[in-house]
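Subject: Structure for your review

Dear colleague,

Please find the sequence and structure below.

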Amino acid sequence: MTSVPSPVSSALPPAPPRAARRPAIRSHHGDVFDDPYDWLRAKEDPEVIAHLEAENAYTDARVAHLAPLRQTLFDEIKARVQESDLSVPTRRGDWWYYGRTVEGQQYGLQCRAAVASPDDWTPPVLDPAVPVPGEQILLDGNVEAEGHEFFAMGAFDVSDDATRLLWSTDFEGDERYTVRVRDLAAGETLTDEIPGTSGAFFTPDGASILYTTVDESWRPDTLWLHRIGTPVSDDVQLFHEPDERFWLGAGITRSRRYLVIGVGSSITSEEHLVDLNDLTAPPRVVWPRREGVEYSVEHAVIDGRDELLVLHNDGALDFELVSVPASDPAGPRRTILAHTPGRRLLDVDAFRDVTVVAYRFEGLERIALMDPVTGALDELGFDEPLFSAGFGGNPEWAAPYLRLGYGSFVTPSTVYDLELSTGELHLRKRQPVLGGYDPSDYGQRRDWAIAPDGTRVPISLVWKRSFGEPGSEPRPVHLYGYGSYEHSIDPGFSVMRLSALDRGVVFAVAHVRGGGEMGRQWYEDGKLGQKANSFTDFVACARHLVDAGVTTPDRMVAEGGSAGGLLMGAVANLAPELFSGILASVPFVDALTTILDPSLPLTVIEWDEWGDPLHDAEVYAYMKSYTPYENVRDGVAYPPILAVTSLNDTRVLYVEPAKWVARLRDAGSDDVMLKCEMVAGHGGVSGRYNSWHERAFEMAWILDRLGVAGS
């Protein structure tokens, strides 16, 4: 291809907004920093809102010429999606539960239909064009969203006796949900209403609700018991976690024997059990917390004995699996899966007739059936070089099948049922992709870059074969990265991505340190005092793609969001010459300012990930050496940058990208834009059509920077 990046606009837009500079001194550990744009954090100030609206108007003007392309991309996405569709039903009790989407509607419907008989475990094959006999619509998201610019659903649960429904909603984007309850037999919403929750579910008898609330820093810290039909003021506090470093979560074991209350920081966890026959009894700690020790528990019945399967990292970097008596968790440990360096154990699920283990090995997640007595593993094999596989969707303890999810960069999301009695794998559904999609038209492979310290860093590539193998000639490249919290960017299919691949773009993922792709050490080597490895790894991946002839710097755009937005800001400072554009979504680009303020949401919890610059001068100096906002360099030729944020985001405040953009303009880079959704949260706008429009906006800008906007 011979196209070159088109100019951002054929007509000069108005001058970019210039935020006023107002002195704001920050002083820590003898370092004094003047932060002239910190006034932009006053969210309720009309001047701040006016500035954000001016930024939006400027961005709209700069990308006005891309309006036809945005519409084309939206139309392409829409044309590939089967808009009226149904999920694969999952059995719970005497009902099949499934989701439904309807053409033209923003939100999905949650439905159910009765099973044909007690022995009916084969999910019905549903056709969106054919009515489902006896279908009950439990919840219609479109009805819930009426009258609201933003809508997100949190909890959704049906009581074990199938007579009651609870659900929770958020209409602001701040992730504070209000719980409501419906009597399904009568079709009436009850008077119970619980605001300000983060999670909720029924007790097994359906008479009560267990829910969590958050503190002022948005940390889930308290578990409550609400008796349906009684005032919320009478709710009973079952557990409170006072340590500001720890989040609280709760759930019921699949066996319906225990309530598990878990508290955890980034590096330490502790779990408690409550017998469901007496929810008000004091919780029993499994293993008392020890700094740096993480574990999770799963109830299992092994040879008639109640045991707890404990996945832990006590002296086992990549975790090992042991069992302990449920009646005496502090008792003797029986090792089931010993620690194996490089095999990162991720999860264990116990059913009546099978135990399943998920682990990561050689950069890919694996699934295996496990003998809980001997630890023998029977790994499920897949024939693609890059893939994602996981288990889930089986709420029933005695289900005779295991529900699996599978996909890759080229294989659409697929649902299988593994029949336990025969080992046969049944294909239940593959995500339909309209318009004649053929997976064989696309290729995927893994490359390896060499970081400055000699570490081999994996890069995943996906492309359309008709344009040739990457490296045969330079091609436009869309390079994505994240690299924090041990979060892995696994191979996954995207309908939206096809629009770029079909225009000759190579999509690449830089699996940098700080993620979890290569095991726990991979994560440890990209956090705290080694965080800079994430940034230099990404730069090494970009340079590898150039050196290997896959692309050239004027045909490569980088993208990352949230902590991946920090990555974007850092690589913009480190190697601006490598990219023709950078897209930073809800970017954590003012990390030091945020992590210094323990009153902000998540800050204290984040100290385990980034360090504590408030009390540690070395951490302060290290973070200041890389935090993007404070390391913008005057006179540097930064590539065009698009920062996308949301006014109501509680995880990464809008003020971070707003300040960053203002500072970049100070440094002489006017080719930066800020797009702020005024009614949205960390995940962006709500509604599937709205989200398609949002992604079309971003993709149009990316394609423009790659020089294929006219393709």
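In these notes, helices (H or I, at least four residues) and strands (E, at least two) are DSSP runs, numbered from the N terminus. The model is predicted, and for that reason local features need pLDDT of at least 70 and side-chain atom pairs count only at pLDDT 80 or more, while totals for chains, interfaces and linings use all residues. Residues are numbered from 1 along each chain as its sequence is written, and side-chain values use heavy atoms, with hydrogens and water left out.

Pocket and cavity

The search was run on a 1 Å grid over the protein atoms alone: a cavity is a set of points where a 1.4 Å probe fits but cannot get out, a pocket is an open set with protein on both sides within 12 Å along at least five of seven lines, and lining residues have an atom within 4 Å of a point. Grid points are joined across faces, edges and corners, and a volume is the space filled by probe spheres set on the points.

The second largest pocket has a volume of about 790 Å³. Its lining comprises 30 residues, and Arg92, Asp157, Arg256, Pro395 and Glu396 are those nearest the centre. At least two lining residues come from each of strands E4 (90-92), E5 (95-101), E6 (109-114), E8 (152-158), E11 (188-202) and E15 (247-252). Strand E5 contributes the most, with four residues. By class, this lining has 13 nonpolar, ten polar and seven charged residues; here Ala, Val, Leu, Ile, Met, Phe, Trp, Tyr, Cys and Pro count as nonpolar, Asp, Glu, Lys and Arg as charged, and the others, Gly among them, as polar.

Across the whole structure, one cavity of 30 Å³ or more was found. The largest cavity holds about 40 Å³ of space and is lined by Thr594, Leu600, Pro601, Thr650, Arg651, Leu653 and Glu656.

Salt bridges

The whole structure has 55 salt bridges, each being a side-chain nitrogen of Lys or Arg within 4 Å of a carboxyl oxygen of Asp or Glu. One of them joins lysine 659 and aspartate 35 (2.6 Å, N to O). Lysine 659 is in helix H11 (residues 655-666) and aspartate 35 in the loop between strand E2 (31-34) and helix H1 (46-62), so this pair ties together parts that are 624 residues apart in sequence. Lysine 659 is buried at 0% relative accessibility, as is aspartate 35 at 4%; buried means under 20% relative accessible area, exposed over 50%, and partly exposed in between (1.4 Å probe, protein chains only).

Aspartate 537 and arginine 513 form another salt bridge (2.8 Å, N to O). Aspartate 537 belongs to helix H6 (residues 532-547) and arginine 513 to the loop between E34 and helix H5 (520-524), so the pair links parts that are 24 residues apart in sequence. Both aspartate 537 and arginine 513 are buried. Elsewhere, salt bridges that share partners join Asp35, Asp38, Arg41, Asp590 and Lys659 into one network.

Leucine 614

Leucine 614 sits in the loop between helix H9 (603-610) and helix H10 (617-626) and is partly exposed, at 22% relative accessible area. Leaving aside residues up to four places away in sequence, leucine 614 touches His28, His29, Leu596, Pro598 and Trp607, where contact means heavy atoms within 4.5 Å.

Kind regards
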